Amino acid sequence: MLRVGIQERQNWRKKAAEFGFSFHTLQGEPYWDESAYYQFTLQQIEQDIEEPTLEIHQLCLAVVDKVVKDEELLQKFQIPHEFWQPIADSWQAKTPSLYSRLDFAYHGKGPAKLYENNADTPTSLYESGFWQWLWLEDQVNAGKLSKQADQFNSLQEKLIHQLSNIADFYGINSLHFACCKDTTEDRGTVQYLQDCASEAGLSSPFVYIEDIGLSECGHFTDLQDHVINSLFKLYPWEFMQREEFATAIIPAQVNWIEPLWKSVLSNKALLPMLWKMFPKHPNLLPSYFEDDLSEASETKLIKKPLFSREGANISLLENGKTIVTGQGPYGEEGFIYQAYAPLPTFGKNHTLIGSWLVNDQAAGISVREDSSPITQDLSRYLPHIIL
């Protein structure tokens with residue numbers, strides 16, 4: 001695993017404008033960074049990332065199967081009581097998932113260690129499935145990279161195929177898409193998925209989350225008063241289950257993507273459950289609920305809120321004392337604790353591997369780096385190759 005400097009494409013910003021990649025720079029700082037790339041061997045990709053991704057995903061599904069049948073565990077996951085049975089029903093009905101991302105600490109050798117499962121609202125999909133592949137093609141054609149250079153990346157074709165499967169499962173030919181206003185990266189992710197849906201033969205109307213209404217008949221509607229029967233929402237289940245329209249979610253009978261059972265899979269309580277059910281698994285880090293902390297022998301622990309996103313409110317503890325803490329809106333829901341396993345560093349860069357799944361299939365990776373050991377929403381995205 002190497003970090004290799006390379007000359008940027010001269011016209012990449014113009015090309016980004018042409019392809020609608022408007023969030024390559026965020027708050028005046030580069031988000032997309034092609035001044036370097038990460039290079040992997042095929043063995044590293046296949047044995048150290050792809051195979052563990054598939055295995056860990058199945059272990060995560062085993063946790064879901066256990067939690068949805070256990071009221072005490074549903075309480076530990078801080079899922080509101082009124083959603084317990086609908087989540088179990090969603091799981092038993094095998095309502096289809098679209099995509100997710102496992103985040104790993106990986107040093108180029110030895111087992112990749114799971115940080116968390118981004119199973120409900122992962123972003124950086126466009127730059128992973130399309131933009132970094134375009135970078136690879138351009139750099140190979142320009143003679144800057146070997147013609148043998150490849151990329152672990154089948155995201156786009158798998159997304160199109162799975163959207164077609166979802167349409168068949170529900171018997172639909174239209175799928176609404178939604179995200180919040182004033183979130184450029186979220187809108188880019190959803191726009192990319194709309195394009196994939198069109199390739200799958202679906203119409204893909206868009207509505208902002210804030211503009212979704214509730215009709216007198218109990219249906220969710222868009223700004224044209226069209227009933228929303230099926231919806232991909234880049235908006236977390238833990239928010240939806242606690243907001244004003246929460247009581248309307250079940251009666252509205254929407255085909256949700258992601259499905260309700262992902263309330264379990266995207267919850268940080270998944271991590272101590274994995275450790276309880278599959279202790280000493282080489283790709284897992286020791287993790288604990290707050291009431292199990294007496295079992296922890298580690299001197300350094302990462303404290304994570306159950307619902308934290310983009311590194312918010314994460315703290316580093318050493319011998320029980322807080323050393324570093326991140327700001328954010330999470331924490332009232334409770335915390336879990338995970339053994340400290342630092343990211344690899346390349347120069348001053350801390351590097352995180354995101355391993356993508358489309359439904360149950362491994363589909364590619366993304367590489368993020370930051371000068372801070374905690375990866376956040378503004379952390380740089382760098383392309384990768386296999387050589």
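Analyst: One term before we start: a crossing is left-handed if the near helix is turned anticlockwise from the far one by less than a right angle, and right-handed if clockwise. Also, please keep in mind that this is a predicted model.

User: Thanks! So which hand is the crossing of helix 5 and helix 7?
Analyst: Helix 5 and helix 7 cross in the left-handed sense. Helix 5 covers residues 125-141, and the two pack at about 55 degrees with axes 8 Å apart. That angle makes helix 5 oblique to helix 7.

User: Which residues meet there?
Analyst: From helix 5, Leu125, Tyr126, Glu127, Gly129 and Phe130 meet Glu185, Gly188, Thr189, Tyr192 and Leu193 of helix 7. By type, the contact has five nonpolar, three polar and two charged residues.

User: Nice. What strands does helix 7 lie across?
Analyst: Helix 7, residues 184-199, lies across strand 7, strand 8 and strand 11 (230-233). Its direction is at about 170 degrees to strand 7.

User: Switching to the sheet, what's the strand order?
Analyst: The order is 8-7-11-12, an open sheet of four strands with parallel pairing. Strand 8 (206-208) and strand 12 (255-257) each have a single partner strand, so one side of each lacks a neighbour in the sheet. From one strand to the next, the twist averages 25 degrees.

User: And how many bridges link strand 7 and strand 8?
Analyst: Three bridges, in the parallel sense, with strand 7 spanning residues 176-179.

Definitions and conventions. Residues numbered from 1 in each chain as written. Predicted model: local features only at pLDDT ≥ 70, side-chain atom pairs only at ≥ 80, totals over all residues. Heavy atoms only, no water. Pairing = 2+ DSSP bridges. Axes fitted to C-alpha atoms, helices over the stretch in contact; angles between N-to-C directions. Contact = heavy atoms within 4.5 Å. Parallel < 35°, antiparallel > 145°, perpendicular 65-115°, else oblique. Nonpolar A, V, L, I, M, F, W, Y, C, P; charged D, E, K, R; others polar.
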